[in-house]
Every structure is written in structure tokens, then in C-alpha cells.
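Dear colleague,

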Protein chains: 2
Amino acid sequence: MIFRQLYEPLSSTYTYLLGDEDTGQAILIDPVIATMHRDLAEVHRLGLTLAYTVDTHIHADHVTAALEMKRTVGSKIAAPAWDRLPCVDFGIEEGTTFQVDGISLRPLHTPGHTDGHFAFLSAGRVFTGDALLIDGCGRTDFQNGSADALYKSVREKLFSLPDETLVYPAHDYKERFVSSIAQEKARNPRLGGDRTLDEFKTIMASLNLPYPKFIDYAVPGNRQCGVCPPNLPENLAQYCQQMSASPQG
Amino acid sequence: MIFRQLYEPLSSTYTYLLGDEDTGQAILIDPVIATMHRDLAEVHRLGLTLAYTVDTHIHADHVTAALEMKRTVGSKIAAPAWDRLPCVDFGIEEGTTFQVDGISLRPLHTPGHTDGHFAFLSAGRVFTGDALLIDGCGRTDFQNGSADALYKSVREKLFSLPDETLVYPAHDYKERFVSSIAQEKARNPRLGGDRTLDEFKTIMASLNLPYPKFIDYAVPGNRQCGVCPPNLPENLAQYCQQMSASPQG
């Protein structure tokens with residue numbers, strides 16, 4: 001199995017490349033439109049063909065590259081069936097393994113950051129999206145987020161995985177790349193140890209985070225599998241600017 | 001491949017269990033005498049037979065379980081050939097893969113913490129011993145330690161491994177379990193980023209660490225592959241006390 005952890009610095013997003021070295025088929029989990037050409041070049045450099053993009057949820061901080069990658073290289077789009085997006089080729093559901101040749105993802109419905117959020121378990125790794133971050137978690141105050149639901153998703157579903165399972169989050173803001181279930185159970189300050197639901201709800205209610213600066217264009221764009229608004233304000237344009245340099249853009 | 005990350009809390013040591021699920025053979029990297037019965041029980045519980053113990057170096061903070069495990073279950077002892085210990089069955093050398101059925105360790109001579117220190121590369125993981133810790137490194141002021149040598153070992157040898165290689169250290173004191181080469185290159189405060197050799201030497205010379213409290217019995221004991229002194233002071237006895245409860249002790 002080929003595995004690469006790619007980073008998009010504007011939204012601090014990790015994109016994961018998984019490839020079957022026998023058949024040459026690959027998938028990308030949570031690709032970002034701003035780095036789509038770099039990521040496609042990496043797929044190509046490894047001698048792979050992109051079969052699918054897979055999103056963990058409808059992102060509010062960046063635009064997914066799913067649609068533009070489909071237009072550019074013909075990859076198909078997988079995303080949670082929960083969100084009923086008409087642009088999706090394969091609707092992810094818990095109980096149905098998502099399989100591309102030797103690449104196998106077991107979907108885990110992990111609501112709380114968004115109601116349709118999924119994590120994916122694959123060969124000793126869990127791609128946790130925004131449900132569980134290293135020493136943290138995604139916010140719960142938008143997109144039908146719920147601290148109650150996130151506590152249950154993490155404590156009951158993710159923390160029941162084997163201790164050695166590697167945690168690969170969708171974001172990190174401090175140059176951390178990987179953790180493990182044992183580590184998050186031991187020291188996640190929001191959700192680890194003997195942290196109670198009431199304590200977690202108090203933490204999440206007290207974050208005083210600003211209104212997400214990209215949500216108003218990112219969510220509608222991602223409900224179309226990744227469309228950049230035509231007339232972005234200049235301070236937001238960097239998020240889609242690479243697209244304008246593309247012959248496909 | 002079976003993989004378990006075990007923890008010995010008195011010396012904050014990680015012991016790593018690797019098992020070949022097809023043949024049932026297993027090895028333990030850096031087993032600690034205080035937790036030997038727990039670790040042997042885990043090997044047994046997984047249906048495995050302990051073929052070898054493997055030490056990364058001559059430890060100063062705990063007594064290796066190598067000799068007592070050999071006496072108890074007949075496992076053989078692997079350790080760096082550099083140290084010329086007569087009790088060792090297999091002398092680890094760079095350039096010669098250490099192989100037990102499907103378990104393969106590529107030894108990397110990584111002096112600096114001790115002069116005979118080895119790391120082991122195995123299937124996308126590197127067991128870094130005390131050469132490279134998460135956000136840190138081992139001290140360099142005893143056992144022919146050398147900040148010059150450690151800088152070179154980490155920056156030239158370990159940091160040249162692929163970014164996604166998982167870093168499994170011999171110790172952690174803050175409940176962190178795993179890192180990656182990319183992460184340590186990016187944010188290790190002693191050895192990452194653009195840290196120079198001179199800066200690293202200044203850091204290591206300024207640590208003002210106390211004299212290691214166990215070194216005077218641990219090193220002689222470990223030069224015999226793990227012998228507890230017969231008349232330990234009471235404050236040190238916890239390190240070997242489990243042995244006295246053993247029929248083999």
C-alpha cells in the first residue's frame with residue numbers, strides 16, 4: 001500500500017493519498033482545490049491513477065477538489081450519503097465498506113462537527129476528519145454540530161478502536177502529523193482521560209471562536225462538490241486562485 | 001504483522017512487541033525487567049512465542065528483561081555488536097538485516113546518546129530508541145555520548161527516511177505515543193527545522209540534568225544483559241521488585 005500525507009497550508013488541511021501498488025489505483029481523502037495540481041502531480045509521479053476522491057464531510061474552511069479533479073482526470077466522487085448531494089457518485093454509509101482494489105475504507109458515522117461527518121478506518125489507520133484532532137477536536141457550533149453527538153462519536157466509537165490505531169486528522173495547526181487512539185485517550189484535553197460530557201459541553205461552549213470566515217462560500221461550494229464562487233472578495237481569492245491558472249479552471 | 005506498544009511507567013519506557021501472525025514468532029524491543037511478566041503474558045495471550053529480545057542500546061534508566069526472559073521462556077538475546085557483550089546471542093550490525101520469520105529490522109547505527117546505539121527500521125516504522133524522542137532526544141553526557149554524533153545521527157540518518165515513516169521512541173514523559181519523521185523534522189525543538197549543530201550543542205550543554213539516579217547499577221546490570229543487583233537500596237528496589245515474586249527471579 002502506498003501512503004502519503006499531504007498538507008494544504010492555507011486551511012491547514014491534511015489530504016491523504018492511498019494507492020494500490022499492484023493495480024495502480026489511488027484515492028485522495030479530503031483533497032483541497034488550492035493544491036489540486038500538486039496532489040495530482042504526486043499521484044502521477046507515483047505511477048498511480050486517481051480513481052476516487054473521498055470527503056469526510058462538508059467542509060466550511062476550504063473548497064474540496066472533488067469536482068475539479070473529476071473534470072481534470074475523471075476521478076469519481078465519494079462523500080457521505082447523509083448529505084444527499086446530487087453531484088456524488090458513491091454515497092458513503094456505515095456498514096458498507098468502500099473498496100477500490102486493495103484500498104479498503106470502513107466508514108464510521110461520527111456526527112458532532114457536522115451531522116453527516118464520517119471517519120474512515122483503513123489498515124490500522126483511522127482518518128478522523130474534524131471529529132478528532134491531535135489534542136483537540138472540530139468545533140460544534142455550525143452545520144448541525146452538536147457537542148453531545150461529538151462526545152459520543154469520539155468516546156464511544158473512535159476510542160473503542162485498538163490502542164495502536166494511528167490517528168490521522170483532517171487538520172493540524174501546530175505541525176503535528178499523527179497520533180494514536182491510546183494517545184488521544186490519554187491526553188486529549190477536551191475528550192481524553194475522565195473528561196465528562198458536561199465538562200466537554202462547557203469547553204465547547206466557552207471557546208468563543210470567531211464566525212468562520214470562509215463558511216458562507218465554502219459550504220455552498222462544497223454542496224456542489226467543490227465550486228469556487230465566481231466573484232470572490234480578494235482576501236478569499238487565494239483559496240481558489242490556483243484554479244484560475246489551470247487550463248481546466 | 002502483530003504490533004503492540006507497551007509502557008513501563010517507572011522509567012517511562014516503551015517496549016514494542018512485533019509478531020508474525022503466520023508463524024507465531026515474536027520479538028520484543030527494549031523489554032523492561034519490571035514489566036517482564038506482563039509482557040510475556042501479552043505475548044502468550046496473542047498466541048505468540050517469544051523468539052528474541054532486541055535492545056537498542058545499554059540503558060541507564062532501567063534494567064533490560066533480556067536475560068530473565070531468556071531464562072523464563074528461552075528467548076534469544078539480540079543487542080548491538082558494538083558493545084561486545086558476551087551474554088548476547090546475536091550481535092546487531094548496520095548492513096545486516098535482523099530477521100525473524102516475517103519480522104524484519106534494518107539496523108541503523110545512531111550514536112550520540114551512547115556510542116553503540118542503534119535504531120531499527122521495520123515496515124514503515126522506525127524504533128528510534130533514545131536517539132530521537134517526540135519533540136526531544138536522549139541526553140548525551142554519559143556512556144560515550146556526544147552531541148556532535150547525535151546531531152549527525154538524527155539529521156543525516158533518521159531525517160533522511162521518508163516523511164511518513166512513523167517514529168516510535170523508547171521513552172515519552174508526556175503520554176505521547178507516536179510521531180513521524182515529517183513531524184520531527186518540522187517541530188523537534190532540539191533537532192528540527194534549521195537548528196544548527198552549534199545551537200544543538202549549546203542546548204545539550206545547558207540542560208543541567210541531574211546525575212542519572214539508576215545509572216550506577218543499571219549499566220553494569222545491562223552489560224550482563226539484565227541483572228538486578230542483589231542488595232538494591234530501597235528507593236531503587238521497585239525497579240526489580242517484580243522479579244522477586246517470580247519463580248525464576
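This is a predicted model: local features need pLDDT of at least 70, side-chain atom pairs count only at pLDDT 80 or more; totals for chains, interfaces and linings use all residues.

**A buried histidine in chain B**

B:H171 is buried, because its relative accessible area is 2%, and a residue counts as buried when that value is under 20%. B:H171 is placed in the loop that runs between β11 (166-169) and β12 (179-180) of chain B. Its side chain makes two polar contacts that I would point out to you: one is with the side chain of B:T13, at 3.3 Å, and another is with the side chain of B:D61, at 3.2 Å. Leaving aside residues up to four places away in sequence, B:H171 touches B:S11, B:S12, B:T13 and B:Y14, and also B:D61, B:H62, B:D130 and B:L133.

**The annotated domain in chain A**

The UniProt record, in an unreviewed entry, places the feature "domain: Metallo-beta-lactamase" at residues 12-171 of chain A. In the model, the end C-alpha atoms of residues 12-171 of chain A lie 6 Å apart, and the span is 19% helix and 31% strand.

**Helix α6**

In chain A, helix α6 covers residues 215-222, and A:A218 has its place there. A:A218 counts as buried because its relative accessibility is 0%. If residues up to four places away in sequence are not counted, A:A218 touches A:H59, A:A60, A:D61 and A:H62. By contrast, the C-alpha atoms of A:A218 and A:L132, which are 86 residues apart along the chain, are separated by 21 Å.

How many of the eight residues of helix α6 in chain B are buried? Six of the eight are, and the helix is therefore described as mostly covered, buried being under 20% relative accessible area. The buried residues of α6(B) are B:I215, B:Y217, B:A218, B:V219, B:G221 and B:N222.

Strand β2 of chain A, residues 13-19, is mostly covered, with seven of its seven residues buried. Both of its faces are covered: A:T13, A:T15, A:L17 and A:G19 are buried on one side, while A:Y14, A:Y16 and A:L18 are buried on the other.

β2(A) pairs with strand β1 (residues 2-8) of chain A in the antiparallel sense, over seven bridges, and within this pairing A:Y7 stands opposite A:Y14. The hairpin of β1(A) and β2(A) has four residues between the strands, and A:S12 takes a positive phi near 55° there. β2(A) also pairs in the antiparallel sense with strand β3 (residues 25-29) of chain A, over four bridges, where A:L18 has A:I27 as its bridge partner. In that hairpin, which has five residues between the strands, A:G24 takes a positive phi near 80°.

**Strand β9 of chain B**

Strand β9 of chain B, residues 118-122, is likewise mostly covered, since five of its five residues are buried, that is, under 20% relative accessible area. B:F118, B:F120 and B:S122 point one way from the strand, whereas B:A119 and B:L121 point the other way. Four bridges join β9(B) to strand β8 (residues 103-109) of chain B, and the two run antiparallel; here B:R106 stands opposite B:L121. β9(B) pairs as well with strand β10 (residues 125-129) of chain B, in the antiparallel sense and over three bridges, with B:S122 opposite B:R125. The hairpin of β9(B) and β10(B) has two residues between the strands, and B:A123 in the turn has a positive phi of about 50°.

**How the two chains meet**

Chain B is superposed on chain A by a rotation of 180° with 0.0 Å of shift along its axis, and the RMSD is 0.0 Å. The two copies are thus related as by a two-fold rotation axis.

At the interface, 17 residues of chain B are in contact with 17 residues of chain A. The area buried between the chains is about 1,500 Å², of which carbon and sulfur atoms give 57%. On the chain B side, B:E164, B:F177 and B:R187 lose the most area to chain A, together 34% of what that side buries. Because 100% of the interface residues of chain B are also interface residues in chain A, the copies meet through the same surface.

With kind regards

Note on methods:
Residues are numbered from 1 along each chain as its sequence is written. Chains are lettered from A and ligands numbered from 1 in the order in which they are written. Side-chain values use heavy atoms; hydrogens and water are left out. Buried means under 20% relative accessible area, exposed over 50%, partly exposed in between (1.4 Å probe, protein chains only). Contact means heavy atoms within 4.5 Å. Copies are superposed by least squares on the C-alpha atoms of residues with pLDDT of at least 70 in both. UniProt positions are given in the numbering used here, feature names are shortened, and annotations may be inferred rather than shown by experiment. A polar contact is a pair of N or O atoms within 3.5 Å; within protein, one must be able to donate a hydrogen and the other to accept it, and residues adjacent in sequence count only if both atoms are side-chain atoms. Two strands pair if DSSP finds at least two bridges between them. Buried area is the accessible area (1.4 Å probe) that two parts lose on being put together, summed over both.
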